[in-house]
Amino acid sequence: MTSTAAHASATSAAPVVSATQIVLPGLVEPDGLDLRSRELPAPAKGQVVLRMDATGVSFAEQQMRRGKYYDQPPFPFVPGYDVVGTVTAAGPEVDTALVGRRFAAVTKTGAWASHLLVDAVDLMPVPDEVDAADAETVVVNGITAWQMLHRVAKVRTGGTIVVLGANGGVGSTLVQLARPAGITVIGTASPRHHATVRELGATPVDYRDPDLYARIRELAPDGVDAVFDHVGGAGVEQSWQLLRRGGTLVSYGTAATKDDEGNSQLPVLKLFARLAAWNSLPNGRSAHFYNFWAGKRRGRASWQRRMTEDLTQVLRLVADGVITPQIAARIPLPDAAAALTLAESRTVAGKVVIVPAPPFQSAQSCRQPSPRP
């Protein structure tokens, strides 16, 4: 049998998959998510069917629920920014040796589902010794942290950095990446998370302290080499002022304005203008906005290669026990509303991970849509 015929046979022989999906129907509260089932099409050329082993809740889904995430698709759609799963079927021109193997993929949307179609070129290998939920925790978070620390800020051994939200998904990974690199970390978090932040290897500071930045200056009177700021808003100027000459501000979000009414792109555009103005100053400091997707349109292959290289580095550290993924909770897919509510509560440390439903669980947790006429 030819290779092409083998692929065709593998595709045609693949059983029909009924996928359970969580649908974001519009501007709703978490309990307004819909639980739906649909027959998944056979994988097209270059695609695979991925059975979800773990996905999760990121800040992106929280913004999409509000209609405030930049470049989100029109409602209704299936959220889910990244996923770890097992290939169950391969489409034409895809190596059938992928079937049965576990991979990670960054999807932006679509991962809150029991099964999904993914382009094979987007698959990133996950070692067998790494738990699926652990791997999920460091897909986007780990790549983001690694690239900001090593590709953007390029902080050297002996440096000092500030991580805002050191108890969060990206923040906790940043702290753990800095420690083996010989970098001192000051991390902001609420007092209930200070013990966790300290165990990860950072000096915690209360983010609600009105004298927060004065406290940081007491710990680093000569300034710091980098600040990683996902908050944005008025406080980003204080982050800029913490830098010593040669230091780098890495901004990667605008959480401070997540509940603001109006154009969701305006806070980002204002931030861009501010960063550009700071970069024009002759003081040796630099400011960057980290965009996970930067460069993909210009060169998808090179962008994906960097993603795979960096995730491989992070997963190796997970396998070696250098990084301990911070999992706030593991919640079954039908309970996605509870997962989103928990993530938005800001009461937990780490990432809320969504896992497949147990076989015995009745899928009634999310709102069932009314029958269509």
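**Close-up views of a predicted model**

View 1. Thr-254 is found in the loop that lies between strand β12 and helix α9, the latter covering residues 266–279. In this predicted model, Thr-254 has a relative accessibility of 14% and therefore counts as buried, since the cut-off for burial is under 20% relative accessible area. Leaving aside residues up to four places away in sequence, Thr-254 touches His-230, Val-231 and Gly-232, and it also touches Pro-267, Val-268 and Leu-271.

**View 2. Strand β11 and the two strands that pair with it.** Strand β11 spans residues 224–229 and is mostly covered, with five of its six residues buried. Strand β8, made up of residues 160–163, runs parallel to β11 and is joined to it by three bridges; in this pairing, Ile-161 stands opposite Ala-226 of β11. Strand β12, comprising residues 243–251, also pairs with β11 in the parallel sense, here over five bridges, and Val-227 has Leu-249 of β12 as its bridge partner.

**View 3. Arg-179 in the loop between α5 and β9.** Arg-179 is placed in the loop that lies between helix α5 (169–178) and strand β9 (184–189). With a relative accessible area of 38%, Arg-179 is classed as partly exposed, because that class lies between the limits of under 20% for buried and over 50% for exposed. When residues up to four places away in sequence are not counted, Arg-179 touches Glu-199, Leu-200, Gly-201 and Val-322. Ala-111 is 68 residues apart from Arg-179 along the chain, and the C-alpha atoms of these two residues are separated by 32 Å.

**View 4. The protein chain as the setting of the close-ups.** The protein chain contains 11 helices and 15 strands, and its C-alpha atoms fill a box of roughly 70 × 45 × 35 Å when this is taken along the principal axes. The radius of gyration is 21 Å, which agrees with the value near 21 Å that a compact globule of 373 residues would have. Buried residues make up 53% of the 373 residues, and among contacts with a separation of 6 or more, 68% are accounted for by residues 24 or more positions apart. The accessible surface comes to about 16,800 Å², of which 51% belongs to carbon and sulfur atoms. The chain carries 37 positive and 34 negative side chains, and the centres of these two sets lie 5 Å apart.

Definitions and conventions
Residues are numbered from 1 along each chain as its sequence is written. This is a predicted model: local features need pLDDT of at least 70, side-chain atom pairs count only at pLDDT 80 or more; totals for chains, interfaces and linings use all residues. Side-chain values use heavy atoms; hydrogens and water are left out. Helices (H or I, at least four residues) and strands (E, at least two) are DSSP runs, numbered from the N terminus. The radius of gyration is taken over C-alpha atoms; the globule rule is 2.2 Å times the number of residues to the power 0.38. Buried means under 20% relative accessible area, exposed over 50%, partly exposed in between (1.4 Å probe, protein chains only). Contact means heavy atoms within 4.5 Å. Accessible areas come from the Shrake-Rupley method with a 1.4 Å probe; for residues, only the protein chains shown count as cover. Lys and Arg count as positive and Asp and Glu as negative; His and the chain ends are not counted. The place of a charge is taken as NZ of Lys, CZ of Arg, CG of Asp or CD of Glu. Two strands pair if DSSP finds at least two bridges between them.
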